[in-house]
Amino acid sequence: MRKLFTLFLFAGAFLVSHAIVAQRGTVQGKVNDETGEPTPGVNVVVVGSSIGTAVKADGTYSLSVPAGTLQLQFSGVGYKTVVQSVSVKDGETLTLDVTINTGTSVLNDVVISATRQPVRKIEATTAVSVLNADELLRQVAPTIGDALRFTPGVFVASQRGRVRANIIMRGFPENLGTEDKYTTMLIDGLPAYAGSGNPYDVYFQQDLNVERIEVVRGAAATLFGRSAAAGVYNIVSKVGGEKTHGIIEQILSPSPSAKGGMMTQTGVNVNGAIAQKLRYNVGGFYLNDPGFRTQAGPDKGYQFRANFDYLLGRGSIRLYGTLRSIDLFNNVAVPVRVSDLKIDSRFTNRFTDWSDIWNSVNFTRPTGITAPTVPLFQGSTETISGNPNNIEQVNVGEANRRGNFGDVHSIGLRFNYDFGKGFSIQNNLRYQRAELGTKFITATAYTVPANNPSQLFANVFNSTGKRVMFDIIDELILKKEATIGSSKHVFTAGGYLGYYEQRALASGVFLASDLSDGTVRLRTAFPGAIPGILTTNLLRGSDTFAEVTNTSAFVGDEAAFAADKLKLNFGFRFDNSNIKILHFLPKSANGQITGPLFVSNFTDRREVSIGAFSATLGINYLITPNTAVYGNFVRAFRAPDEQIFVNMLRGVPGQQPPPEQLGPGLVNYRPIDTNNRPFLTQIDRPETVYNAEIGFRTSALNDDLSIDLAGYYTQINDRIISGFRDVAPGFPPQSTSISEGSVAIRGFEGSLTYTPSWAKGLLMRTSLTLQSSEFLSIPNGLRLTSVFTLPEAELKGKKIKNVPGTIWNFNVQYDRKFSKSFAAGLGIDGNYMANRYGDELNRFKLADVMLLNGNVFAKASLKNGNDIRVSVRISNLTDTQEILWLLDITNPIVATSAPTNASVIPGIPFLPRRTFFTVAYSF
């Protein structure tokens, strides 16, 4: 591993040392609309680079560019994108005046392709959407999930506030709040972190540094690797231009929670030039928010990001970094009636707070083992030390004081250079260290005693976790442009190396609570409790060390034939994950935690290496300059993350093979099942994903109407399914994960964008997704609960829970310029989801629901060319109380025909209506 990193770093240093002072020229001119009026704020960007500027108030622009032939893109909200080819000589100043028409013909937007080559959307072989900075500013989206909610084919279950968003693309199974199972978040092209299984929310929140978000759906596996089978969303940061620009923003919002209070978020972004060749972009925010619902503490903290770009003649060097410290609190479940899936009348959507009882509850938690050296795994010289009886006393309130928190700092260096004669290179290296808290506060089952219907009891599960980790990522990409006969090619080759180490301490506590009048009070009796286990009891305590190395190699070709009408791309990628785990469940001092329910006092050591390949073949044919058909086929995969292997079957004392002694008091029970099969037969291969897509794009009505249609089929084989399996007679089933299931997804996706020339400033956009996501098979003998077995036949053909069969989005926005110094606008957008189920057996059909948001704004332009913008954004206009998803539906209390005392189950409703007031000053 160290040799690989040395090679990558040496290659980067060698290339930088050979970057000569290159030739440059200047392109300048005016940008007007079709009426001859200037278009201030329109972005001018060199396609495929970080070089760009913005049009001034008088419509002029000036941009220093590398000498040679290149493409300039002119784009802005309310304007149809224009791409112009220019040839600039060394030292030359070229004048290029451009007319950019009003409207939004998205087909000419420049997007990324399967080989990372910038292309116009109409020429792409995948489905791509772009959210620009102005659209993000208008949304006032609290989370990335909220920003993506209105993207075609995307379902966002982020209605718990700012943390643990669940982003589902094109019917893929849910990501369980970690986001990275099938869908990956990238920050300027690199994964948010090197591993998997951590929520992206604690690494990044939406800020003013974002230039745009590119959403790639479908065939992205060869582009982005192991967790991108469904697609990716890439956060692209702003780059400083020749002049200083910036924005200062203040957001205020009354909290709709029962406790009230006021949200304040102050954001800033400034970018420009320090010197002619040195550009900067810095900014971030400070947040303090009581929350959407009543919670244990406020969402609070800061995020600061910066990037500095030194422009070479034929490339650039970027130094970038992040400082972040934010506390985010999970909004927990509320009681939901089994009969109609409505919130119990004793609760409201604004009340979910359990914090009143936390401070009075203590539990014991094992602190686990220590390792004197890092990295942990050093072959035969590995040593382990620790005390399996080391116990600490923990107060639940103190353990949840910061909620889900992320203290993150990172630094990176990106280098790209064009050597001429078609050769170019890019290397991106980033180091990141993080301390994360992952907390869950959920009610796992509600019961109403038959002898006292006015009482409502909840078995509340509180999980506290803390992770300390660091990661290093390096990605190297080489490109060669070539002409072979009448065809043009862009060949791509590269490699990726991601390494991270992590230590995680986890524990969970069950609490029995009385919620009879909508408030939470601690009880001394646990309804249905197992004798000997008291009201507060430790469910699990563990210490886990993990070392993960992900390596990849990829090649590709983007080819053009028939005078650029026919585009073909091919990509091949091989990924390998090497996972080493040391998992420790020490003996607990809590006398109640004994017996067959808990396996304790052992250490589990595992090493797994899994590799697989991805391949993509795409085609696009331009029937006319504004009409194209495209198709693609992808063979992708998803390698399991290290957390899957922690939650696996383990051996039982007295069974064979015998335990392995690792040290004083430390025993390793090798993982087996009832057939004494070795561990790797449980998960010995990654999930394999096959996807086919065909699409059609065109524009009509003088380019005022853009149409984008696509149909797709996906099959996931060897899907990793979690559940329970029998281990031994008299021993309860144990939680495990098995790679033997399969899922099929069929879907249609269509979108229309209409910006009529006869109504300047009017934008109408809509998209419809119709899909079916269902089980083809599940492993025989796998239980969804620890009490009874659900045979394969009961799940086969059932719809995947929480995946809507219908998604309809619409957006209507009208902006009017009343004079040269004053403009105003208003808009409404909707997200409709239907045909959703809250459980694997499809016995609980969730309500079809429309989420509506509205906004109004006014903008005044000052004499100095700066702007003041005032806006109001209202989320969930109708204040819908419908349930977004259900929790723990496979609990034995409710998974079969519910008994009379199980009339209420836990669910998470949509966040209540909220109003955001924003004042922004742009300069």
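Reader: Which residue is the bridge partner of N43 in β3?
Author: This is a predicted model, where local features need pLDDT of at least 70, side-chain atom pairs count only at pLDDT 80 or more, and totals for chains, interfaces and linings use all residues. Residues are numbered from 1 along each chain as its sequence is written, and side-chain values use heavy atoms, with hydrogens and water left out. Three bridges join β2 to the antiparallel β3 (strands are DSSP E runs of at least two residues, numbered from the N terminus; two strands pair if DSSP finds at least two bridges between them). In β3, N43 is bridged to A54.

Reader: Which strands stand at the edges of the open sheet?
Author: The sheet has four strands in the order β3-β2-β5-β6, paired antiparallel. Each edge strand has a single partner, so one of its sides lacks a neighbour in the sheet; the two are β3 (52–54) and β6 (82–88).

Reader: Is D33 buried or exposed?
Author: D33 lies in the loop between β1 (24–32) and β2 (43–46). Buried means under 20% relative accessible area and exposed over 50%, with partly exposed in between (1.4 Å probe, protein chains only). Because its relative accessibility is 5%, D33 counts as buried.

Reader: Which side chain makes a polar contact of 3.4 Å with that of D33?
Author: Leaving aside residues up to four places away in sequence, D33 touches T39, Y79, T99, I100 and K760 (contact means heavy atoms within 4.5 Å). A polar contact is a pair of N or O atoms within 3.5 Å; within protein, one must be able to donate a hydrogen and the other to accept it, and residues adjacent in sequence count only if both atoms are side-chain atoms. The side chain joined to D33 at 3.4 Å is that of K760.
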